[in-house]
Amino acid sequence: MSLYARGKRKDLWLYDFEYDGVRYIKVLGRITKTKARALYEQAKTDARNGRHPLPTPKKAPSLDEALEEFLQWYRVGHAPRSIDRHERSKKRLLEFFGHDRMSAITGTRIEVYVRARRDLCRSVVTINRELGLLRHLWRWGRKRWGLRENPLEEIERFRELPRYDRVLSDQEEAGLLDQCNAHLRPLVLAALDAGCRKSELLTLTWRRVDLRRGTLTVVSGYVKNRDTRTLLMTDRLTAALRSATVSEPDALVFGYRNADKTFRRAVKRANIGRVRFHDLRHTFASRLQQAGVPLEEIQAMLGHKTLAVTQIYAHLNVDYQRKAIEVLNRRQAPTISPTLRPKG
């Protein structure tokens, strides 16, 4: 968009350009192209020098209206997990800011919000995600609603500690499985033996399970890509699913409503420390890596888009470090020559 003509005779000239995040639109009238070009160039010069009158801004919506419009757009093509995260953040933001217009939300008020969340002992990760929703909202709605300043630019993100990853030992796995009930055990086995994400397992239907061939096909939880991959099941996972009641083809294999709560209780009873459900996927990948399976094959089984993500698992297995240290332990300590002994 720049300078163009409209009308039946293409003699009605307009300009439409953007400078420093502000969009300038003006109808110049039925004039010659030469004059229209001169006015257009002058307008751009005035905008750069701050002499062009700013366009009348659109009325900024209230935060709840803006978030609802933004999330309607965001729900299409984004991961369910990210959508859920934004929905939780939206609830907390609206509890504080209510129906205030976005133009009334300043950096100072956001700092007050952050202090209030810290007073409630909310983690820095939680606060960063809530502020992240606001940042995304402002970037998305800047042109839509004529917002000129982003108050989040004044707010620094909290520094987050490195994420906590676990790989279960054989003993920990056995203890966990012993504490799983008949419904939870197949779900845990599917994560341990197939490396599936929780979202993939909780949406798995019997239509995608082939007990005769011993395979299951999962659809990636990342809706934007909708990738599918077919995985060969272990003998114990196949046996666990065979013992389950197979219902209609479109019925869920793991019809769980409170899988997280049930899993946390099983972990607590097993007394194996802090373990997240996603750590079962880490355990699957690390065991393959320890067995010498090429990272490219692990990447395909996990459904990663890039090898860089899969390489995270290369450092998770302590057994590799233990083997390396054993090499050093087997070396004899060097003998100190008498001539090099310290005096005194």
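**Figure 1. The whole chain.** In the protein chain, residues 24 or more positions apart account for 59% of the contacts with a separation of 6 or more, a contact being heavy atoms within 4.5 Å. The model is predicted: local features need pLDDT of at least 70 and side-chain atom pairs count only at pLDDT 80 or more, while totals for chains, interfaces and linings use all residues. Residues are numbered from 1 along each chain as its sequence is written, and side-chain values use heavy atoms, with hydrogens and water left out. The secondary structure comprises 14 helices and 6 strands; these are DSSP runs numbered from the N terminus (helices H or I, at least four residues; strands E, at least two). Of the 344 residues, 38% are buried (under 20% relative accessible area; exposed is over 50%, partly exposed in between; 1.4 Å probe, protein chains only). The accessible surface is about 21,800 Å², and 50% of that belongs to carbon and sulfur atoms (Shrake-Rupley method, 1.4 Å probe).

**Figure 2. The largest nonpolar core.** This core has 36 residues; a nonpolar core is a set of buried Ala, Val, Leu, Ile, Met, Phe, Trp, Tyr and Cys residues joined through side-chain atoms within 4.5 Å. Leu176, Val188, Val209 and Leu280 have the most contacts inside the core. Two or more residues each come from α6 (170-178), α7, β5 (215-219), α9 (235-242) and α10, and α7 gives the most, with 8 residues. Leaving aside residues up to four places away in sequence, Leu280 touches Leu168, Leu176, Val188, Ala191, Leu192 and Phe263. A second, separate core of 26 residues includes Tyr113, Leu137, Trp145 and Leu147.

**Figure 3. Helices α7 and α10.** The axes of α7 (residues 184-194) and α10 (residues 259-270) come within 11 Å and cross at roughly 85°; axes are lines fitted to C-alpha atoms over the stretch in contact, and angles run from 0 to 180 degrees between N-to-C directions. The two helices are therefore roughly perpendicular (65 to 115 degrees). Leu184, Leu187 and Val188 of α7 meet Ala259, Thr262, Phe263 and Ala266 of α10. These residues divide into 6 nonpolar, 1 polar and no charged.

**Figure 4. Asp46 in helix α1.** Asp46 lies in α1 (residues 33-48). With 15% relative accessibility, Asp46 counts as buried. Asp46 touches Arg51 and His52, not counting residues up to four places away in sequence.

**Figure 5. Arg88 in helix α3.** Arg88 belongs to α3 (residues 80-97) and is partly exposed, at 46% relative accessible area. Arg88 and Glu130 are 42 residues apart along the chain, with their C-alpha atoms separated by 8.3 Å.

How values were computed:
Parallel < 35°, antiparallel > 145°, perpendicular 65-115°, else oblique. Nonpolar A, V, L, I, M, F, W, Y, C, P; charged D, E, K, R; others polar.
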